[in-house]
Amino acid sequence: MAAFEATCSPTATDSIHNAYMASLVPPSNDRFQEIAQIQSAKEKESRKNIKEQKTFPTGPMDENSQDAAARMIQKTFRGYRARREMDGYSINPGARWVAAVRDAQFRETHRPRPRPLSPTASVTGAMRPPSAGARQNWKKAATVAFRAGRDASDSESDWDSESTDATSVEDKAAKRQKRHAENAKRRAEARTMGLQYFLEMIDVKHRYGANLLVYHEEWKRSDAQENFLFWLDDGAGRDIELDACPREQLERERVRYLSREERQYYLVKVDKDGRLCWAKNGAMIDTTEQFKDSIHGIVPVDDTTPAFKPAANPLADNSDSDSDSSCESRREADRATKYATPEFDNALGVKKIHHLSTATIINKLLRKSVRKNCWIFVADTNFRLYVGLKDSGAFQHSSFLQGSRISAAGLVKIKNGRLQSLSPLSGHYRPPSSNFRSFLKSLKAEGVDTGHLTISKSYAVLVGLETYIKTTKKSKKFVDGLMRKKGETKGTGAAQEAMRKLSIKAGE
C-alpha cells in the first residue's frame, strides 16, 4: 500500500511525465519544413475552393449555363420544400388558396337566410323553379357531409416522412406502401363527430354543440318555418332564453376551430429516443401547469405570447363590476353542468337502474375532462398527432381538425416527453375501443416510448360497455328470431287446418 501511494504521489507523477517528454525525439528541420509546406498548400487549396464557390459570372451566360443555374435553383427549392413538409409545415400558396376558397364556400352556403315567402320566389324576389329549394337543401347537406367525413390531412404530407435510413429504392418503396396501407386502414375505421355537434360545425360562430342542441329541440317543437340558425339569431327565436342554457352562455362558449397554419403549433413529433416533442421548436412536451395556451400554441406560463381571444360577446356585461373573478366563477359553474346526469343523480335506490344507460356512464366519465389542466390529443387518418390544453366550451377535440374525421381522440398526460397516461374519452367523437387499440399499435410502430405508459380505467369501462351492448343486441336478435319462427309455425298450422276444411267441403 505504501509503495502504491508513493507511486501515485504528485512527485512520482511529475517524474514519470518528465521522463516521457525527454524520451520524445522531435523531427528534423527538413521534416518541419516539409510539414509546413504541406499545410500551406492545403490552406491555399481550401481558400481557392471557397473563392470559386462565392464567385459568380458577371458577364452574359450562355444557354447551357443558364439551364444549369435554373436546375440548381429548382433543386434547392424542392429540397427546401421537402424539408418543410418533413417537418410538418407543408402549407404552400396553392394549399392556402384551396383552403380559403373551401371555407368561403362553406360559410356562404350555410349563412343563415330567411326562407322565401313562396316556394317559387327567392330571397331577392326573383322567380325560381319549384325544385330549387330542394336542390339548395341537398347542396347544404352534401357540404356538411363532405366536411364532416373528409380527412383534414388529405393534401398534407405524412406525419413522419420517409427517413434516410432506407438505403435502397426497394426499401423506400416498401416502407411507402406499408404506410399507405396503414393510412387506408385508419381511414376505413375513422370516426366522425356526433350528430349534435354538426350544429357546431355549420354555425359560423361555432357555438358549443351541446348548447345549440338545447335551442334546436325548442326550434323543432315550435311551428317556425325558418332555418334553425336564422330562427335563433334573427327570427322568432332570437328573444327566447332557456334555463338549461342562457343566451349569455350560448354566445360566450364558442369552440375555436384551428386553421391549417394554427394547427401546426400543436403538431407533435417523435425524437430518436421515442419522446414526444413539439414540431414547431423540438421542445419536449410536458403536460403540467407550467404551460398555457396561446395564439402560437402551448407556451410556458411566463411567456409573453398573448392568449387567443374569441369574438366579443354582445350579451356580456362589460361593466367594471364584472371582474375576472366573477367571470371565472361563471366558467366554473358552466363546467360543472357539462355532461350532467340529473335524472340518475336524483333517483333513489333501485330507481337509479331505470336511468342507467351507456350515455349516463360515458357522461360520468367525461365529467373528469372538464377540470383544469386537462390535456387532450387527436390523431388524424395519417396518424399525425396533435396535443393541446382543453378549455371546456372553447377548445375541444373538434378544434384541431375543424370537426373532420379522426382515427383516435382522448386525454393524455406526458412528462418530459414520455407518455405517462392515455384515456379514450372524447365527448365530440366518442371513438370505440378498437380505435384506441389501433392508436396504441401505431404509437409503438412509430417508435414512441411506451415503457412508462398506463391506460386509464375508463378504457376498461368502455370495453365492458361495448361487450354488454353487443351481448344485449345478440340476445334480442335471438329472441326475436325465436318469436318469428314460432309465429311462422302457428301461421303454417292455421293455414293447413283451413286447407283441410276446404278440402272436406269440396269433397262433400
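# Reading burial, salt bridges and a sheet

Analyst: Arg275 counts as buried in this predicted model, at 18% relative accessibility. The word buried stands for under 20% relative accessible area, exposed for over 50%, and partly exposed for what lies in between (1.4 Å probe, protein chains only). The model is predicted, so local features need pLDDT of at least 70 and side-chain atom pairs pLDDT 80 or more, while totals for chains, interfaces and linings use all residues. Residues are numbered from 1 along each chain as its sequence is written, and side-chain values use heavy atoms, with hydrogens and water left out.

User: Which residue meets Arg275 in a salt bridge?

Analyst: A salt bridge is a side-chain nitrogen of Lys or Arg within 4 Å of a carboxyl oxygen of Asp or Glu. The partner of Arg275 is Asp271, at 3.3 Å from N to O. Asp271 is partly exposed, with 24% relative accessibility.

User: How many salt bridges are there by this rule?

Analyst: The count is 14. Some residues are linked in a network: Asp203, Lys205, Arg207, Asp233, Glu251 and Arg254. Within it, Asp203 and Arg207 meet at 2.7 Å, N to O. Asp203 is buried at 2% relative accessibility, and Arg207 is buried at 0%.

User: Where does Glu251 stand, and where Arg207?

Analyst: These two form a salt bridge, their closest N and O atoms 2.9 Å apart. Glu251 is in helix α11 (residues 247-252), whereas Arg207 is in the loop between α8 (198-202) and α9 (209-221); the pair, 44 residues apart, links distant parts of the chain. Helices (H or I, at least four residues) and strands (E, at least two) are DSSP runs, numbered from the N terminus. Glu251 and Arg207 are both buried.

User: What is the order of the strands in the open sheet?

Analyst: Strands of a sheet pair through backbone hydrogen bonds, either parallel or antiparallel. Here five strands follow the order β6-β5-β7-β8-β9, with mixed pairing. At the edges stand β6 (385-389) and β9 (454-455), each with a single partner strand, so one side of each has no neighbour in the sheet. Two strands count as paired if DSSP finds at least two bridges between them. Strand β5 (residues 375-379) is joined to β6 by five bridges, and the two run antiparallel. Ala379 stands opposite Leu385 in β6.

User: Which strands does helix α17 lie across?

Analyst: Helix α17 (residues 433-445) lies across β5, β6, β7 (408-415), β8 (418-423) and β9, and runs at about 170° to β8. Axes are lines fitted to C-alpha atoms, for helices over the stretch in contact, with angles from 0 to 180 degrees between N-to-C directions; contact means heavy atoms within 4.5 Å.
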